[in-house]
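Let's take a walk through a protein model together.

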Amino acid sequence: MRSLSFLYMEFLAMLMLILFQCLIFGSATAAVVHAGNGDGVQPLSKVAIHKAVYAVHENASVKAHPLVLGTKGGDSDWVTVEVDCPKPSEDDWIAVFSPANFNSTICQPSDDMEESPYICSAPIKYTYANDSNAEYKKTGKALLKLQLINQRENFSFALFSGGISDPKLVAVSNVVSFANPKAPLYPRLSQGKSWNEMTVTWTSGYNIIEAVPFVEWGMEGESQTRSPAGTLTFHQNDMCAPPARTVGWRDPGFIHTGFLKELWPNSVYTYKLGHKLVNGSYVWSKSYSFKSSPYPGQDSLQRVVIFGDMGKAERDGSNEYKNYQPGSLNTTDQLIKDLKNIDIVFHIGDITYANGYISQWDQFTSQVEPIASTVPYMIASGNHERDTPNSGSFYDGNDSGGECGVLAETMFYVPAENRAKFWYSTDYGMFHFCIADSEHDWRQGSEQYKFIEKCLASADRRKQPWLIFVAHRVLGYSSSYWKDGSFGEPMGRESLQGLWQKYKVDIAFFGHVHNYERTCPVYQGQCMDTEKSHYSGTVNGTINVVVGGGGSHLSGFGPTQTSWSLYKDSDFGFVKLTAFNHSSLLFEYKKSSDGNVYDSFTISRDYRDVLACVHDGCDPTTLAS
């Protein structure tokens, strides 16, 4: 096999692509059967692509159409894949590869193979052939419908036998591609470093040598201006470990960020993404709009959505994603449905669960584009973004699959001083948010601890009465996060709850645990208030909320009944905060399945209640006159 010509190897790679595509649909059927809690394993990691062998059958074929996608200007399209296999089996599968034409000579040798693998790049998705035709094993024919998004490269489909653990390449399809594969796509809004600044980040196939990126924007109905955008990318050697550094690698294209400054408060702006080519012509995205942030302290209706651990899913049912992130699409669709009643979104870690398979980040930004292009989509760093051994993360696992924070730091903008240290503060009207990075040291005396205290202390509670702390891992209280009689991260709670109490943090939000739980206002393991749903006057502790049911496989609860836990739900959902004014806040937990409210409480208080003395949270006084 090693003596095959370069062209022959390319043909082999194409065949493997087709087989992966068959696998995608087969997986979908299994997903329907097993949908629910999910298995928590990245589907692409199940594919032993480095073990693939050449078994092309001259009478097997895979055909894909249309050849050109997105002819009507869309950034996604459906492809029909026809499979004809003379020796079908129930574990035949189809893989989608992009780029369609890949060179196996760049593969790195695997420890369990004497020779370099034929294919060193994982497919971007897959399905089983019999998902579309229950009679496939008898007829050898399948007709698959797969949805593709524009990911800057062309696509091919490969038919494999042997299942995903022992793949044998049988046939490869023709190539299909988008009309403009380099188009600017998937804008993500974020708060800038000042209240009147909005940033727009997007992805394209244009290097700055080919085209100059910019944003054309302005108030709705008024003249537009143009702001330049910066361009970043990263390379395979920027990854810290497999699979991101090996089979999971895929070129990310170019990530651009424009800064829209000196915005008027509460105003609707329109914008579109542009690239000026070297020949003087322009490439444009479609038009979008957003509403600018209110002035800090402004008394108006302000609505915030918070959740963690959502991940992505495939609308065509491929990749077994109903088993991996079974609630992801429901959460996404509920937010889109209610988008007119949402002002800002916080996705507090475990963003895509790509786990080192880089192609999945494009697919995630495509999934959330209706949300992220309209309201600020603020993220926090989780273990599945950051953790890689010997990379500086506080936890030494490889939950990021070797990404070591590079993808999250580049694909999304956050107003941090150093995005490699993913902690930051941001204001939205009457809210002040302190976003911690649970994957870096947060213990007392650390650099991040000093930031957290400075962030909490900087809140002007007369203007911004609602003080919110956010982190991915449960640095506070969770009945699920139980081990050896401790809950959450004991060191985190010991280090930080003193700060929450001192600065009278209203609510501390966490993800990581894939369910929903709300505590009483708690301090040092004790409820500081007997009320459960209508808090008035001084709230003597911080309400801890786990909201990690954004979409990934669900978590149960620990064996101990805790006195500080008021509401538990092992289901998919998110939280919505509504500030009506400086004195009234509504908290709602909604399920992703129907968007209905299943838990809620209110806080009603005056400014003097915020200033009032609480246990371990009293300002010093003097007897001097």
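## The big picture

The protein has 10 helices and 35 strands. Both kinds of element are DSSP runs numbered from the N terminus: helices are H or I runs of at least four residues, and strands are E runs of at least two. Of its 625 residues, 60% count as buried. Buried means under 20% relative accessible area, exposed means over 50%, and partly exposed lies in between, using a 1.4 Å probe and protein chains only. Among contacts with a separation of 6 or more, 75% are between residues 24 or more positions apart; a contact here means heavy atoms within 4.5 Å.

Some ground rules. This is a predicted model, in which local features need pLDDT of at least 70 and side-chain atom pairs count only at pLDDT 80 or more, while totals for chains, interfaces and linings use all residues. Residues are numbered from 1 along each chain as its sequence is written, and side-chain values use heavy atoms, with hydrogens and water left out.

## Greasy cores

In soluble globular proteins, nonpolar side chains tend to be buried together. A nonpolar core is a set of buried Ala, Val, Leu, Ile, Met, Phe, Trp, Tyr and Cys residues joined through side-chain atoms within 4.5 Å. Which members of the largest core touch the most other members? They are Tyr-377, Phe-509, Leu-577 and Phe-587, out of 65 residues. Helix α5 (residues 359-372) gives the most to this core, namely five residues. There is also a second, separate core of 25 residues, with Phe-451, Ile-452, Trp-500 and Val-513 among them.

Zoom in on Tyr-377. Leaving out residues up to four places away in sequence, Tyr-377 touches a list of residues including Leu-189, Phe-307, Met-310, Phe-364 and Phe-412.

## Rings that meet

A pair of aromatic rings is described by the distance of the centres and the angle of the planes. Rings of Phe, Tyr and Trp (its six-membered ring) pair if their centres lie within 6.5 Å; planes under 30 degrees apart count as stacked, over 60 as edge-to-face and the rest as tilted. The whole structure holds 31 aromatic pairs. In one of them, Trp-93 and Phe-160 are stacked, at 4.6 Å centre to centre and 15° between the planes. Trp-93 sits in strand β5 (residues 93-97) and Phe-160 in strand β8 (residues 156-161), 67 residues apart. Both Trp-93 and Phe-160 are buried.

Now for Tyr-535 and Phe-601, which are edge-to-face: 5.6 Å centre to centre, with 85° between the planes. Tyr-535 is in strand β30 (residues 534-536) and Phe-601 in strand β35 (residues 597-604), so this pair ties together parts that are 66 residues apart in sequence. Tyr-535 counts as buried because its relative accessibility is 1%. Elsewhere, Trp-217, Tyr-269, Tyr-271, Tyr-288 and Phe-290 form one aromatic cluster.

## Holes inside

How many cavities of 30 Å³ or more turn up in the whole structure? There are five. A cavity is a set of points, on a 1 Å grid over the protein atoms alone, where a 1.4 Å probe fits but cannot get out; lining residues have an atom within 4 Å of a point. Grid points are joined across faces, edges and corners, and a volume is the space filled by probe spheres set on the points.

The largest cavity has a volume of about 110 Å³. It is lined by 15 residues, and Lys-504, Asp-506, Val-539, Gly-541 and Arg-605 lie nearest its centre. The second largest cavity holds about 50 Å³ of space, and its lining includes Ser-98, Trp-249, Arg-250 and Tyr-357.

Most residues other than glycine have a negative phi, and most peptide bonds are trans. Here are some exceptions. The peptide bond from His-65 to Pro-66 is cis, with omega near 5°, and Pro-66 lies in the loop between β2 (61-65) and β3 (68-69). The bond from Ser-98 to Pro-99 is cis too, with omega near 5°.

Tyr-353 is not a glycine, yet its phi is positive, about 55°. You'll find Tyr-353 in the loop between β20 (344-347) and α5. Tyr-353 counts as buried, because its relative accessibility is 2%.

Note on methods:
1 Å grid on protein atoms, 1.4 Å probe; cavity = no way out; pocket = protein on both sides within 12 Å on 5 of 7 lines; lining within 4 Å.
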